[in-house]
Protein chains: 2
Amino acid sequence: MQLWLRLPLEKSEPMENESEDTGYGSLGAALSDSWESWNSFRLLCEHSNQLCVALDIRRSLPSINSLFRWFGEPVRAAIIHTDAFLTNARGYPCLSKRHQKLITSFFELSFQVVISGQLVHSIPEESFAVFPSNDNDTINEAAPIRHELKPYVDYVAFLYQRMDPLSEQERFEINYRDFLQSPLQPLMDNLEAQTYETFEKDTVKYTQYQRAVCQALLDRVPYEHASTSQTVLMVVGAGRGPLVRASLQAAEETGRKIKVYAVEKNPNAVVTLHSLIKLEGWENMVTVVSCDMRHWDAPEKADILVSELLGSFGDNELSPECLDGAQRFLKPDGISIPSLYTSYLQPITTSKLYNDVKSHKDLAHLETAYVVKLHRVAKLAPAQPVFTFVHPNFSANRSNQRYTKLKFEIPFDTGSTLVHGFAGYFDAVLYKDIHLSIEPSMPTTTMFSWFPIFFPLRSPVYVPSGYQLEVQFWRCCAPSKVWYEWCVTSPVVSPLHNVNGRSYWVGL
Amino acid sequence: MQLWLRLPLEKSEPMENESEDTGYGSLGAALSDSWESWNSFRLLCEHSNQLCVALDIRRSLPSINSLFRWFGEPVRAAIIHTDAFLTNARGYPCLSKRHQKLITSFFELSFQVVISGQLVHSIPEESFAVFPSNDNDTINEAAPIRHELKPYVDYVAFLYQRMDPLSEQERFEINYRDFLQSPLQPLMDNLEAQTYETFEKDTVKYTQYQRAVCQALLDRVPYEHASTSQTVLMVVGAGRGPLVRASLQAAEETGRKIKVYAVEKNPNAVVTLHSLIKLEGWENMVTVVSCDMRHWDAPEKADILVSELLGSFGDNELSPECLDGAQRFLKPDGISIPSLYTSYLQPITTSKLYNDVKSHKDLAHLETAYVVKLHRVAKLAPAQPVFTFVHPNFSANRSNQRYTKLKFEIPFDTGSTLVHGFAGYFDAVLYKDIHLSIEPSMPTTTMFSWFPIFFPLRSPVYVPSGYQLEVQFWRCCAPSKVWYEWCVTSPVVSPLHNVNGRSYWVGL
């Protein structure tokens with residue numbers, strides 16, 4: 001059973017008896033915000049997944065930030081009233097630009113669109129025939145009776161048809177939308193062939209790597225030494241070879257000579273790697289090393305260390321620990337590609353994901369981070385940087401433990417919000433100005449290897465309008481595992497999540 | 001293992017780096033309140049019962065309301081610094097009146113008192129011998145070495161010895177302090193002999209009943225009819241007879257003639273009742289009816305209906321339902337004693353009770369009301385009336401369902417608070433101005449039959465300084481049971497507690 005709450009999208013006038021004694025502070029003022037009504041009802045009902053929303057849309061719309069909140073809520077239908085429509089030059093109903101944009105967003109989020117109300121436009125009679133008939137309930141074949149709201153439906157259908165078709169990437173991602181995946185354990189487990197295959201298809205990513213290697217080779221070997229100097233390049237975590245290929249292409253492109261070591265711990269991947277090298281005739285240039293980079297005793301030191309160990313949250317697949325191990329065989333002036341990466345976080349409203357996490361009815365799932373293609377989500381504030389790692393890092397007292405406190409300012413015109421957790425991203429500097437990024441404000445376009453990560457909160461946090469959201473994050477390291485802990489400390493204090501990595505950790 | 005957090009009782013100065021960016025709103029300003037530090041730490045630790053507090057007490061004290069908050073917290077020790085002491089006329093240390101009162105409260109709450117710091121008073125040397133020595137660690141029998149802080153200890157011991165001894169009632173209640181008891185199910189279960197015995201000892205209560213019956217008899221039967229008119233008085237729920245005795249004494253005192261029906265459903269109590277009547281020679285005046293008052297077919301109608309069916313929360317032992325059933329045999333102008341009762345609620349901080357409730361690790365215990373002698377409790381705002389019942393109630397559309405919304409203003413100088421639940425009380429009008437009450441502002445003194453009731457919250461609610469606390473309560477009735485539902489709706493929205501009486505109900 002599902003219960004739909006029908007709510008106005010615009011701010012409603014407070015009811016008589018409410019306006020008298022709304023108390024004080026921003027809570028009182030916000031009583032007329034229909035999102036507040038929804039939120040209170042939903043919280044009284046323990047955030048039940050049987051509650052949904054149908055939004056009534058009229059002529060006036062609230063601020064964009066205020067609207068965005070609904071994108072993270074279980075809205076099932078948008079009911080557009082005929083009085084929300086304007087009239088175009090030909091006398092037909094149409095919607096304002098803001099309404100159009102909103103309805104398009106609704107289609108993207110798969111909200112049902114419903115037309116409601118009386119015919120309030122006087123459509124020119126003769127032009128009725130212009131529209132092809134889709135009515136099934138025609139009584140008379142000769143003179144089909146049209147539904148009087150058909151002009152409105154036709155207009156909304158027009159908006160739908162006008163939308164851009166899904167890109168290849170979107171078609172690929174559509175089945176992953178709001179689907180929680182446990183993050184990989186790349187050190188403890190070996191990847192599946194299918195996983196390698198998916199990752200290898202991300203041409204944008206490897207193009208960036210190739211550009212980075214090109215630039216590094218050019219910087220390292222001046223033109224006059226190109227034919228004499230050989231650069232030792234080690235791909236650590238070579239998998240089935242995409243970075244080996246990118247590196248060799250970079251060498252060819254720049255006319256620099258390179259010697260490649262391809263270090264890979266997964267014996268299955270090593271088999272495929274050997275085949276690739278034979279197939280491509282790279283035997284003279286590439287040495288395959290079947291070994292964990294942290295324990296390999298390298299025969300010589302590298303000029304360039306190339307790796308793709310980043311997770312959705314940058315360091316979450318233990319790139320720092322792996323590269324700290326691998327830099328033993330990097331020359332003191334050697335280059336690591338990537339050379340730096342930073343994780344990012346932003347608070348989000350996501351009823352669907354929270355309910356999915358909660359449905360497991362245990363603590364562990366509420367303290368685990370998930371990889372997920374975020375879709376029905378309201379992003380409440382710009383993402384902020386969290387932890388940064390630089391490679392190589394030869395400092396004596398280096399540590400991969402981190403702590404930071406973030407303060408998010410939610411735009412005032414958003415109104416109050418409910419924070420279900422945090423979306424995590426990364427931005428990596430491969431080399432100089434060549435980045436890989438999934439941070440929403442500066443993403444590497446059409447790259448699809450990484451979905452965001454989602455850190456849930458055990459209980460959603462209500463942030464009254466105008467309040468700051470303060471969150472604290474730790475990256476903790478022990479001999480056999482690495483994990484995050486997190487908590488909210490304002491406007492309320494949450495429990496500390498994932499204490500001692502009890503629920504979620506990545507094994508070393 | 002227990003962890004004690006040592007915290008200053010006075011407001012501390014904010015640390016350098018905190019004062020810069022405390023955000024806005026009252027949260028920022030409250031950062032220097034040590035209770036806030038404690039509360040944040042405790043919430044991060046999921047309200048662990050292993051966390052305790054030791055308070056450092058200096059010369060200056062915060063406001064009384066702010067201090068009170070600690071009375072509901074797991075404070076184990078109060079550390080009085082020697083610089084908190086003043087100097088009396090004879091050169092000895094003493095404490096300000098406010099400090100004295102505070103230390104006395106600490107003794108009442110069994111906080112350990114510790115003296116700390118340097119000797120800052122120059123005690124007259126010769127007078128040292130005035131104090132008897134209690135030291136065990138004397139090195140030299142002839143010249144015992146005194147601890148230099150002994151004058152402070154002596155003063156604190158003096159404060160302790162000066163306290164009033166426990167009253168009889170307090171000695172009776174001491175073992176019940178902060179001990180949760182499930183409320184009675186008086187309709188479904190029969191009371192134990194022990195329970196009757198305890199209740200019957202409450203002479204104050206029966207004196208009030210006797211006064212009420214006296215007044216009712218005088219009002220009902222004018223002096224000139226005293227010898228001719230007989231008043232029919234029915235004790236419904238007579239138990240082992242205390243109200244029968246009080247009624248007969250009232251008749252004797254007023255010189256009015258009464259005929260008593262003693263209606264009791266518990267067959268064990270009826271046996272004792274018969275013995276009492278025989279022993280006292282009341283056979284001609286009292287008729288015992290072994291029957292549930294709701295189903296008794298009375299041979300005549302009563303002038304006065306006397307009952308003691310009230311629970312700690314007034315109507316919570318279903319007095320309304322019982323008296324609605326019994327008023328069938330009350331004359332239209334008859335009197336019910338009690339004639340009216342009102343329940344009261346107030347928000348409280350009570351770490352101990354919350355942890356006790358939580359320790360059961362199930363939802364049911366968090367949605368159950370408990371009878372409890374509140375002791376380590378901070379009462380955060382004056383109690384407010386909740387539900388009122390009037391008897392008799394002959395209106396056609398009477399209902400015992402109730403709903404109310406309460407808004408508590410927590411005094412501004414309290415600071416922020418954590419609400420663990422609500423203490424419930426009742427005030428009953430037996431007749432005219434004769435009350436029985438356990439409401440803290442107007443209690444019937446030395447009456448001990450009722451402890452307060454405690455309605456817990458599933459998660460404690462943090463109320464920032466200056467915010468209102470809004471709570472909603474329902475009394476719900478079904479054919480076979482009655483129950484309460486409750487929720488907080490401001491400053492945050494809690495789940496609705498005890499939906500459909502799933503966790504806690506009283507059977508009809």
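Buried area is the accessible area (1.4 Å probe) that two parts lose on being put together, summed over both. The legends below describe a predicted model.

**View 1. The interface between chain A and chain B.** About 2,100 Å² is buried between the two chains, and carbon and sulfur atoms give 53% of this area. The contact involves 26 residues of chain A and 26 residues of chain B.

View 2. The chains are joined by 4 salt bridges, including one between the side chains of Arg502(A) and Glu46(B), with an N to O distance of 3.0 Å. On the side of chain A that touches chain B, two or more residues each come from α2 (25-29), α3 (34-44), β16 (402-409), β19 (453-463) and β21. The residues of this side comprise 12 nonpolar, 8 polar and 6 charged.

View 3. Ser494(A) is placed in the loop that links β21 (481-490) to β22 (506-507) of chain A. This residue counts as buried because its relative accessibility is 7%, and buried means under 20%. Leaving aside residues up to four places away in sequence, Ser494(A) touches Cys487(A) and Val488(A), together with Leu43(B) and Leu44(B).

**View 4. Helix α13 of chain B and its cover.** In this helix, residues 351-358, the buried positions are Ser351(B), Leu353(B), Tyr354(B), Asn355(B) and Val357(B). Among the chain B elements covering them are α3 (34-44), β12 (340-349), α14 (363-366) and β17 (417-431).

Definitions and conventions. Residues numbered from 1 in each chain as written. Chains lettered and ligands numbered in written order. Predicted model: local features only at pLDDT ≥ 70, side-chain atom pairs only at ≥ 80, totals over all residues. Heavy atoms only, no water. Buried < 20%, exposed > 50% of the residue type's maximum accessible area, 1.4 Å probe, protein only. Helix = DSSP H or I, 4+ residues; strand = E, 2+ residues; numbered from the N terminus. Contact = heavy atoms within 4.5 Å. Nonpolar A, V, L, I, M, F, W, Y, C, P; charged D, E, K, R; others polar.
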